[in-house]
Amino acid sequence: MAQTSLPSVAIVDFGLGNLFSVKQACQRVGIPAAVTSDPGQVAAADAVILPGVGAFGDAMQTLRARSLDEAILEANQLGKPIFGICLGMQLLMGDGHEFGRHKGLGIIEGDVVPFERGASANGRVKVPHIGWEPINRPVHQGRDGMWQNGPLAGLRDGEYMYFIHSFYVRPSDASTVAAVSRYGGTEFCSSLRQGQVVGFQFHPERSGPEGLRIYENLARLIMK
Amino acid sequence: MVMTIRIIPRLDIKGPNLVKGVQMEGLRVLGKPEYFARRYYEGGADELLYIDAVASLYGRNSLLEIIERTAREIFIPLTVGGGLRSVEDVRTVLRAGADKVAINTAAIRRPELIREVASAFGSSTVVVSIEAFRKSDGKYECYTDYGRERSGVDPFEWAVRAVELGAGEIMVTAIKREGTGGGFDLELTRRVAESVPIPVIACGGAGKLEHVSEVIQKGKADAVSLASLLHYPVAADYQVQHAQYVEEGNIEFLRRQGVFSRVQGSSIGEVKAYLGRCGVACRPQLEGVVSGANQPA
């Protein structure tokens, strides 16, 4: 891409999720992003943001019906940055378990499973999990791990981010786990990274100034 | 405590103004909602809640503009309620920048609306708002239309039904406590919280810090919505900075610099610091934010 023209970023619109806030966050940090449901535009973009809330099975069905799954896979094969947020992160996985078993995009090996409702040792576990939780560096990755120069660069280990979800991802390859969080006695993967593919279970665009810092990091990853 | 408790400032909107009443009546103008929203965002609010106080009766175009302006500069979740009647209404509010919607009146009249909104936008988008009135016999009844109309519906049965229909959260307001500063209705909150497997937001009655910890520890609330407690110190600042601000509505309250004796104004930072001392987990106050101007009057 020529130096003079800014890279284009496609925010994939498949009918669910607060695309407005994702777009606002992009604008705030200077990412030239456009909301689109056109597979041609998604495949042609220099980077893809896959947001979303709602049910895994419905979302995959919609992506397939609009050929958006192929467009995202094409972008991935070309090594373009792909950012999945919340349900968007879950859709990157191989399998989803929500009211049955569904095939995901399969970009990251692993599956998506629900939180168990009910009592834990120290209280009730309400699902969906809604609230701000710390994100931590996985223990095995040492002090800086994947955070240096990555999407989470500059964040404090234990920074609070806003979550709203009933499911979480279980990547097969532990080295793709970029951050972990805890809910109801369960430790889960709250961010993952595999090459140019990044996922956040939380909503950086709804996580205040520190969430915007993640968007600044994404801008750097896209622009370079 | 397994969940980090959320503190959610509630902004009741009438026309272009932030208003506050007592028992959902006698609304007083406090100032421009955008000013309060920014202060709460900077102070470490976990979410914001906008309720159109008159949407059940009038249009709500000014609220859409307020939502858009807020969503451009405030990067925390925003829930909007008041007068939403259809999937189309919800879509309009979400397009303007809201993350979630709170539905009361229309859902009680037609419960299927909960299922429709949940299936169109996801369960986590739907907050079912229950405004309950405690009757003289100690029983509770759901009210609609901003606390004006009886419905005959039992709030505990309704909460369970709302979950079955796809609600992601329940917000429960005790009408008699709302705006009084006399404390939350702990029985109402606890009984709703124990009836449902989804998070419950307690709303209405906080007048001092102890009330907030009480409704979490005894009322089993997963999140707490605060209005008067947070608004009055900010309103005092607003008045100083916007002495010329005159709009329709009851601004006599601002002119008199009235603060209810039963409400001890606090900042979000003070609320969270207090909860921390009580052993309640919450996201810490944002660093580097000076809230010196936000001291009790």
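The model described here is predicted. A disulfide is a covalent bond that joins the sulfur atoms of two cysteines. For B:Cys282, the closest cysteine sulfur is that of B:Cys278, at 9.7 Å, again too far for a bond. Over all chains, a search of the whole structure finds zero disulfides. With a relative accessibility of 0%, B:Cys142 counts as buried; B:Cys282, at 12%, also counts as buried.

The contact between the two chains involves 35 residues from chain A and 44 residues from chain B. Together, chain B and chain A bury about 3,000 Å², of which 56% is on carbon and sulfur atoms. Two salt bridges are found across this interface. A:Lys126 forms a salt bridge with B:Asp222, with 3.4 Å between the closest N and O atoms. Polar contacts across the interface of chain B and chain A amount to 16 residue pairs, both residues being at pLDDT 80 or more.

On the side of chain B that touches chain A, at least two residues each are supplied by helix H2 (61-73), helix H3 (87-95) and helix H5 (112-121) of chain B. The largest share, four residues, comes from H2(B). By residue class, this side of chain B comprises 24 nonpolar, 14 charged and six polar residues.

How values were computed:
Residues are numbered from 1 along each chain as its sequence is written. Chains are lettered from A and ligands numbered from 1 in the order in which they are written. This is a predicted model: local features need pLDDT of at least 70, side-chain atom pairs count only at pLDDT 80 or more; totals for chains, interfaces and linings use all residues. Side-chain values use heavy atoms; hydrogens and water are left out. Contact means heavy atoms within 4.5 Å. Buried area is the accessible area (1.4 Å probe) that two parts lose on being put together, summed over both. A salt bridge is a side-chain nitrogen of Lys or Arg within 4 Å of a carboxyl oxygen of Asp or Glu. A polar contact is a pair of N or O atoms within 3.5 Å; within protein, one must be able to donate a hydrogen and the other to accept it, and residues adjacent in sequence count only if both atoms are side-chain atoms. Ala, Val, Leu, Ile, Met, Phe, Trp, Tyr, Cys and Pro count as nonpolar, Asp, Glu, Lys and Arg as charged, and the others, Gly among them, as polar. A disulfide is a pair of cysteine sulfur atoms within 2.5 Å. Buried means under 20% relative accessible area, exposed over 50%, partly exposed in between (1.4 Å probe, protein chains only).
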